[in-house]
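Subject: Structure handover

Hello,

Here is the structure for your use. My notes on it follow below.

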Amino acid sequence: HTRRELETAGFTVQVASNAAGTASSLPGPEHAADCDDPRCTTIARRYPEFASAAVDVTVPQAHAADYQGIFIIGGPGALHHLNNADTHALLTAARDAGVAIGAICISPRILAQAGLLVGKTATGWDGDSRLDTVFAEYGVTRSNSPVVTCDNVITADGPAAAEAFGKAIVALLQQQAS
């Protein structure tokens, strides 16, 4: 739904991942335990058109200044595959260049751990009841709102907020363009 909102508004979306090929929202056997919330696989199976996407560019190949925004989609495996030095460097470069950044579901933790949410208010998925601990460790004020925009950063709490997350991204990008 996030991608649809962006494309409907006329934005081009590129999918980046840690590896070329196809990015999947369904956990492989090695990461099946990443999502102890049954909604993860239920949503992906109910909406198979959203369960995978062709990777346009790998994270190490991406250059922040080439984009209007960089947003991380969460889900099973996001912390294992995207919470790394390459992703942190890309997001930091984006922030430093004034490029909008954000994350949905479990991925706001990646922004926090990259030091990009210090002193900001954010939201995220908390199905494992660890979000407060992670946010406190990295100086983030937690909001229970489904979508939070704080300065140039947008966070959202999960799949149910995907459309609103997309709308918030569109609004921020349009505001920056004007």
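In what order do the 4 strands of the open sheet come? The model is a predicted one, and in it the order is β5-β6-β10-β9, with mixed pairing. At the edges lie β5 (69-72) and β9 (147-150), each of which pairs on one side only. From one strand to the next, the twist averages 10 degrees.

The pairing of β5 with β6 can be given by residue. These two strands run parallel and are joined by 4 bridges, with β6 covering residues 100-104. Phe71 has Gly102 in β6 as its bridge partner.

Two helices go with this sheet:

- Helix α4 (residues 85-96) lies across β5 and β6, and its direction is at about 145 degrees to β5.
- Helix α7 (residues 162-177) packs on the sheet and touches β5, β6, β9 and β10 (153-156). The direction of α7 makes about 175 degrees with that of β6.

Ser143 sits in the loop between β8 (141-142) and β9. Is Ser143 buried or exposed? Its relative accessibility is 15%, so Ser143 counts as buried, the cut-off being under 20%. Apart from neighbours within four places in sequence, Ser143 has contacts with Thr121, Ala122, Thr123 and Val148.

Regards

Technical notes
Residues are numbered from 1 along each chain as its sequence is written. This is a predicted model: local features need pLDDT of at least 70, side-chain atom pairs count only at pLDDT 80 or more; totals for chains, interfaces and linings use all residues. Side-chain values use heavy atoms; hydrogens and water are left out. Two strands pair if DSSP finds at least two bridges between them. Axes are lines fitted to C-alpha atoms, for helices over the stretch in contact, and angles run from 0 to 180 degrees between N-to-C directions. Contact means heavy atoms within 4.5 Å. Buried means under 20% relative accessible area, exposed over 50%, partly exposed in between (1.4 Å probe, protein chains only).
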